[in-house]
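I opened this entry to record what I looked up in the model. The notes follow the order in which I checked things.

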Amino acid sequence: MKNLARRFPVYNKALKLYPLVYQQRYAEQMLQTLADMLDDAPTPSAKIGVWMRAIADLPLSISQQQLHYANEAFTHETAHFVKRNTIISGFLFLPFFLLVVINDATAHGLYRTWFWSFDVLLTWILLLPAAGFLLSTTTLLVWLAQNHRERQRTWIEGLRDVRHNWLMSVPILLGLAILSVVLFHDSVHCVLGNPIDEAHHWSSTLRCIQQR
């Protein structure tokens, strides 16, 4: 194995993109197969052909195996509360994307509708994404604590275990992206008609009415 890894250092590094379990089972066999095919190739052009086939096969094969093992982890190794909370987080993010797409498709036709009233606007652009972000973050922290207690793994090792934590990490990153854009990015008005300014406007208007 070591000799083959030194003989094909780049190919050996590429094999590390496979899931760890797959690497342990098949990496040595794949290196040996490549070595045998190259040794049996009668001409330099035939050797080039072997390399081209091996390189062309890698991206699809790696993607297939990553999806397969991710599905296996999701089906058999993911806790029920992680699946449930991820689905809930997805539904919390859904109104944001749905209304943004509809508003853009209708040439900002939602600006004068109920969806742009203060309470509703604040709910779907801020409160629901924030709830999805907090739920996903809490789920990840609980999972990390269980993982640390049951498997005696550090929290850093849990964070590196992408095969098992991606279902929580993706909603966290998605929620963080939504909140960052809505709260801090100047270009948000290009898509949403600057909902934060509109929310502030409605809040000021309500305060003025209450003071009368």
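**Bend in α8**

I began with α8, which bends by about 40 degrees at Met168. A proline, Pro171, follows within four residues.

Next I checked the span of α8. The helix has 23 residues, but its end C-alpha atoms are only 29 Å apart. A straight helix would reach 33 Å at 1.5 Å a residue, and α8 falls short of that.

Which residues of α8 are buried? I listed His164, Asn165, Leu167, Met168, Pro171, Ile172, Gly175, Ile178, Leu179 and Val182.

**Helix α4**

I then turned to α4, residues 44-77, which also carries a kink. The kink is about 35 degrees and lies at Leu58, shortly before the proline Pro59. How far does α4 reach from its first C-alpha to its last? I noted 47 Å for its 34 residues, close to the 50 Å expected at 1.5 Å a residue.

The buried residues of α4 are Gly49, Val50, Ala54, Leu58, Ser61, Ile62, Gln65, Tyr69, Ala70 and Ala73. I noted that Leu58, where the kink lies, is one of them. An α-helix has 3.6 residues a turn, so residues three or four places apart point the same way. I looked up what covers the buried residues of α4 and found that the cover includes α2 (9-15), α3 (20-40) and α8 (162-184).

**Asn103**

A polar atom of the Asn103 side chain lies 3.1 Å from the backbone nitrogen of Leu110.

**Whole protein**

I went back to the overall picture. The protein has 10 helices and 0 strands. Of its 212 residues, 35% count as buried. I also looked at contacts between residues at least 6 apart in sequence, and 66% of these join residues at least 24 apart. The accessible surface comes to about 13,600 Å², with 65% of it belonging to carbon and sulfur atoms.

**Confidence**

Last, I checked pLDDT. The mean for the protein is 82, and 86% of its residues reach 70 or more. Where pLDDT is low, the predicted coordinates should not be read in detail.

Conventions: Residues are numbered from 1 along each chain as its sequence is written. This is a predicted model: local features need pLDDT of at least 70, side-chain atom pairs count only at pLDDT 80 or more; totals for chains, interfaces and linings use all residues. Side-chain values use heavy atoms; hydrogens and water are left out. Helices (H or I, at least four residues) and strands (E, at least two) are DSSP runs, numbered from the N terminus. Buried means under 20% relative accessible area, exposed over 50%, partly exposed in between (1.4 Å probe, protein chains only). Contact means heavy atoms within 4.5 Å. Accessible areas come from the Shrake-Rupley method with a 1.4 Å probe; for residues, only the protein chains shown count as cover. The expected span of a helix is 1.5 Å times one less than its number of residues. The bend at a residue is the angle between axes fitted to the seven residues ending there and the seven starting there. pLDDT is the predictor's confidence in each residue, from 0 to 100. A polar contact is a pair of N or O atoms within 3.5 Å; within protein, one must be able to donate a hydrogen and the other to accept it, and residues adjacent in sequence count only if both atoms are side-chain atoms.
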